[in-house]
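Thanks for making the time this morning. I would like to walk you through one model, so please have a look at it on the screen before I start.

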Amino acid sequence: MRLKKIKLAGFKSFVDPTSLPLPSNCVAIVGPNGCGKSNVIDAVRWVMGESSAKHLRGDSMADVIFNGSTSRKPVGQCSVELVFDNSEGSLGGQYATYNEIAIKRQVSRDGQSHYFLNSARCRRRDITDIFLGTGLGPRSYAIIEQGMISRLIEAKPEELRVFLEEAAGISKYKERRRETENR
Ligand code: ATP
Ligand code: MG
């Protein structure tokens, strides 16, 4: 499953609807300080269900919504959509027949988040389920942020185990078992 497009609207500095195509030969995004490179990564984490404002470099969840500039008024809501190429059917099960998987999250200033899977409303859990065990997800090792390497080096054995279990693809089953036991 390859991420082929990121669509943003009202998210942080991306106030106008923006579509970022990601061709398979794209290896880096470069630009001057403050142009929004890290905001793109924040958007990817956010749409996959990140629920900590701190992990998105903000104080509150509403900080992801464009809060105005000298020439523009703040906006009332934002959305981010990730479009994955699933033509090889890597995402199987009920999604196997979809050539494209689009996941979207939108939020308004009142704080209500809505999630969509190929345009149909879904739960946050439906989105997080797709990525469990793939190494991609709001806190996964596919996104290596500043400070993460030193956190890994200094991690306690139990914390390291979480990364290893995700890499081995067993975190998905552990999560299922935890849920069943809690029922
Ligand atoms: P660097 O090279 O320094 O790491 P960068 O390209 O990663 O820079 P970002 O951190 O992605 O830059 O973008 C920072 C910009 O985003 C700042 O100008 C900041 O004002 C703007 N910004 C962040 N949140 C919002 C928001 N809610 N509304 C409007 N602008 C925002
Ligand atoms: Mg940055």
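Which residues are closest to ligand 1? The closest are Ser-13, Asn-33, Lys-37, Ser-38 and Asn-39, among 14 residues that surround ligand 1, where a residue counts as near if its C-beta atom, placed from the backbone, lies within 6 Å. That shell divides into three nonpolar, eight polar and three charged residues, with Ala, Val, Leu, Ile, Met, Phe, Trp, Tyr, Cys and Pro taken as nonpolar, Asp, Glu, Lys and Arg as charged, and the others, Gly among them, as polar.

Please keep in mind that this is a predicted model, in which local features need pLDDT of at least 70 and side-chain atom pairs count only at pLDDT 80 or more, while totals for chains, interfaces and linings use all residues. Residues are numbered from 1 along each chain as its sequence is written, and chains are lettered from A and ligands numbered from 1 in the order in which they are written.

Let me turn to the strands, which, like the helices, are DSSP runs numbered from the N terminus (strands E, at least two residues; helices H or I, at least four). Strands β4 and β5 (residues 113-117) pair in the antiparallel sense over five bridges, pairing here requiring at least two DSSP bridges, and Gln-106 stands opposite His-114 in β5. Their hairpin has four residues between the strands, and Gly-111 there takes a positive phi near 95 degrees.

Strand β5 also pairs with β6 (residues 120-122), again in the antiparallel sense, over three bridges, and Tyr-115 has Cys-122 in β6 as its bridge partner. In that hairpin, with two residues between the strands, Asn-118 takes a positive phi near 45 degrees.
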